[in-house]
Amino acid sequence: MGWETRRAHARILNSQFSKEIFIQNRLIDVYGKCNCLDDARKVFDRMPQRNTFTWNSIITVLTKSGFLDEATRIFGSMPDPDQCSWNSMVSGFAQHDRFEESYEYFVKMHKENFFLNDYSFSSALSACAGLMDFDIGIQVYAMVSKSRYLTDVFMGSALIDMYSKCGSVACSQDVFLGMIDRNLVTWNSLITCYEQNGLTSEALEAFVRMMNSRLEPDEVTLASVVSNALVDMYAKCSRVCEARLVFDRMPVRNVVSETSMVSRYVRAASIKVARFMFWKMKQRNVLSWNALIGAGLQLGRQAHAHVLKQGFRFRSGADSDVFVGNCLIDMYMKCGSVEDGSRVFKNMMERDYVSLNAMIVGYAQNGYGEEALEIFRKMLACGEKLDHVTMIGVLCACSHAGLVEEGRLHVSSMIKNHSLIPEKDHFSCMVDLLGRAGCLNEARNLIKAMPMNPDAVV
């Protein structure tokens, strides 16, 4: 096609239209579509007169070809940029993964009081998704909500994708439910959202609902949903070989299927394979890092370092990453690295009851009974939620600290104060506590009084 354009160009040069700006603008545009960037640039450089369309044509050619620095230089020398010029810069940088600069152009465009259209907003949302920055995503959404594009089906799909990449499934669902019209792109965005965030069952449910709404899935969606579901199913059934066979034959692999494989290799103690697969992943999310964290102390420390570089600060909210901190605490405590686990806990910006449970159980299992009970007392003072895991840690701590009477009081308070029915693990901890303290008759009587049959552990 390039040679045909050059032949047409040669004829134009010998015609009365050779100096027409409109014709030269079209030549720049066509050369760009033929990937003849040098020819497009020559036409632009030789034009004695240019109008706004001339500048926009060369900027569009450069941004689409990835020559963003050159586009920036020409944009900066443009006499009067218009809405199209700004949109080309916002979109061009977003399409080539230079998301921060894309968003900066969007902000400048708004400050210059240019009208923001659906093209501007969709490019800005793409930049927010690439940055995985929930806060600026919310700011763009606020601007969209004040425009006439909020009900646009493609804008809704872009919002779902942005929230998904930022890890906020709840916000993606809210956008989806609030949409008046939905098309295949919308449903694909929701299904992808569930898959990217590890919710395979929800992805399948959404897929079925889409089919029931009489929309036919495309090949990519069908292959992705079914394959991811099979990989996840085989992996959870500890059938790693079958999961790998499905994985290797997938036409399209994503962060969900790759994370499932990493997680199951870790559980199967195939740490080298898990590590190799993890570092080959092109994209990683919170669940991916959690999978690697479970691979042992050395790899866990590497994952911890990378988690911090990715900007995780262990905060709750719509884009909560508190559970990453909880996984780190659990990993360090299980590896006996109590100091590292305590440091993660102290540095967390926010904590939940799972964080507190991880510390109580971790301290107790490593023989730090008093430290475990101190956290438990603070937990009670703050009115935090208690569950069966909390009480296992507390009773284990009492056992290590030799606090028989306190252990008795806690078992009693489970039923009276917290409406928790003691389970087999609680009885095991109490028997261990009594046995260590030499109260063997009381331990024997407790075993006989258990509402369930004692196992070998008891």
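**Contacts along the chain.** I looked up the contacts of the protein chain (heavy atoms within 4.5 Å) and found that, among those with a separation of 6 or more, 57% are accounted for by residues 24 or more positions apart. I noted that this is a predicted model, in which local features need pLDDT of at least 70 and side-chain atom pairs count only at pLDDT 80 or more, while totals for chains, interfaces and linings use all residues. Residues are numbered from 1 along each chain as its sequence is written, and side-chain values use heavy atoms, with hydrogens and water left out.

**Overall make-up.** I recorded 27 helices and zero strands in the protein chain, where helices (H or I, at least four residues) and strands (E, at least two) are DSSP runs numbered from the N terminus. Of its 458 residues, 46% count as buried, with buried meaning under 20% relative accessible area, exposed over 50% and partly exposed in between (1.4 Å probe, protein chains only).

**Helices α6 and α8.** I turned to helix α6 (residues 83-95) and helix α8 (residues 118-131), whose axes come within 9 Å and cross at roughly 30°; axes are lines fitted to C-alpha atoms, for helices over the stretch in contact, and angles run from 0 to 180 degrees between N-to-C directions. That crossing makes α6 roughly parallel to α8, since angles under 35 degrees count as roughly parallel, over 145 as roughly antiparallel, 65 to 115 as roughly perpendicular and the rest as oblique. I also noted the crossing of α6 and α8 as left-handed (the near helix is turned anticlockwise from the far one by less than a right angle; clockwise would be right-handed). On the α6 side the contact is made by N87, V90, S91, A94 and Q95, and on the α8 side by Y119, S120, S123, A124, S126 and A127. I sorted these residues into five nonpolar, six polar and no charged, where Ala, Val, Leu, Ile, Met, Phe, Trp, Tyr, Cys and Pro count as nonpolar, Asp, Glu, Lys and Arg as charged, and the others, Gly among them, as polar.

**N326.** I located N326 in helix α20 (residues 322-334) and found it buried, with a relative accessible area of 6%. Not counting residues up to four places away in sequence, N326 touches M348, D352, V354 and S355. With S355 there is a side-chain to side-chain polar contact at 2.6 Å, that is, a pair of N or O atoms within 3.5 Å, of which, within protein, one must be able to donate a hydrogen and the other to accept it, residues adjacent in sequence counting only if both atoms are side-chain atoms.

**R351.** I found R351 in the loop between α21 (338-347) and α22 (353-365), where it counts as partly exposed at 41% relative accessibility. Its side chain has a polar atom 2.7 Å from the backbone oxygen of F345, and the side chain of R351 also reaches the backbone oxygen of K346 at 3.3 Å. R351 and G325 are 26 residues apart in sequence, yet I read 8.6 Å between their C-alpha atoms.

**Positive phi.** Most residues other than glycine have a negative phi. I noted a positive value near 65° for N113, which is found in the loop between α7 (99-111) and α8 and counts as exposed at 70% relative accessibility. I noted another for S419, near 55°; S419 lies in the loop between α25 (404-416) and α26 (424-436) and is exposed, with a relative accessible area of 63%.
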